[in-house]
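Have the 3D view at hand as you read.

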Amino acid sequence: MHLGTILSCLLAATASASAIADGPERRTRPSLKVYKCPRKATAKFNKSVPDQKPFPTTHVELCWKPKSIQLTFKAFDETEFYFDPKQTTNQDIWQYEVMEAFIHPGRNSPQTYLEFEVNPNNVTYQAFVYNPSKVRAEKAPFDHFFVTNPAADGFTATTTLDRKAKTWVSEVDIPLALFNVERPERSTWRMNFFRTVTSPKTFPAQELGAWSPPTRRGFISRHLWRR
């Protein structure tokens, strides 16, 4: 996946954007000012990866608590709610439909970061990704270190489906202690948010969407993490 976003905790009231070079083209990368809960900031996207065609609208609402980051994932225009009911924690839920976040504290482009995913069945995936090439280069190291007991470690997730309204919503808490952060106020983070869409007819093919979209298919690229 791909992390280009810069997110600042409790700075100002408005979102902003900045342009960065990404190979031969320039992309505008968003940024968010995120506040203490219950006040929330919202990341929104509705374009596919990498071709930027229409994609089901997706929102991620963010705020912080003294001991956690709160994310509310909202999937709109959902028609399939497609998942494997046999899958459990940290299995390959990303093969089906998920919403997800890549998270790293600080301003630098990360080589190791948290990947968090949730599916419509409220099954979660949480692992630290070791990606020193930042783009999953051929023959470069690439590894995962799973959070094996997320509930005991402070993760929470509650997912609600509304098939009539074609939406599903997941409310998530991620513990700040994972990142050695004790005082989130006025801290700066790099994050990105994603959604995968598929169906029984099209599986295993997927549509991909991202808040800060990479320039190639797939999400493993760090050039456009936002802050």
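Predicted model: local features only at pLDDT ≥ 70, side-chain atom pairs only at ≥ 80, totals over all residues.

Thr58 belongs to strand E5, which covers residues 54-65. Its side chain reaches back to the backbone oxygen of Pro56, at 3.1 Å. Further along the sequence, the residues that Thr58 touches include Phe45, Phe76, Met99 and Arg195.

Now zoom out to the sheet around it. Strand E5 is part of an open sheet of five strands, ordered E4-E5-E6-E12-E11 and paired antiparallel. Strands E4 (41-47) and E11 (156-162) are the edges, each pairing on one side only. From one strand to the next, the twist averages 15 degrees. Between E5 and strand E6 (residues 68-75) there are eight bridges, and Trp64 stands opposite Ile69 in E6.

Next, look for the aromatic rings, where the whole structure holds 11 pairs. Tyr96 and Phe203 have ring centres 4.5 Å apart and planes at 10 degrees, so this pair is stacked. Tyr96 sits in the loop between E6 and strand E7, and Phe203 in the loop between strands E13 and E14, so the pair ties together parts 107 residues apart in sequence. Tyr96 is buried at 12% relative accessibility, whereas Phe203, at 28%, is partly exposed.

Phe128 and Phe179 meet in another way: with centres 6.3 Å apart and planes at 70 degrees, the pair is edge-to-face. Finally, Phe73, Phe116 and Phe155 form one aromatic cluster, and Arg39 lies over the face of Tyr35, 3.9 Å from the ring centre.

Note on methods:
Residues numbered from 1 in each chain as written. Heavy atoms only, no water. Helix = DSSP H or I, 4+ residues; strand = E, 2+ residues; numbered from the N terminus. Polar contact = N/O pair within 3.5 Å; in protein donor to acceptor, adjacent residues only side chain to side chain. Contact = heavy atoms within 4.5 Å. Pairing = 2+ DSSP bridges. Axes fitted to C-alpha atoms, helices over the stretch in contact; angles between N-to-C directions. Phe/Tyr/Trp six-rings, centres within 6.5 Å; stacked < 30°, edge-to-face > 60°. Buried < 20%, exposed > 50% of the residue type's maximum accessible area, 1.4 Å probe, protein only. Lys NZ or Arg CZ within 6 Å of the ring centre and 35° of its normal. Lists of a residue's contacts leave out its neighbours within four places in sequence.
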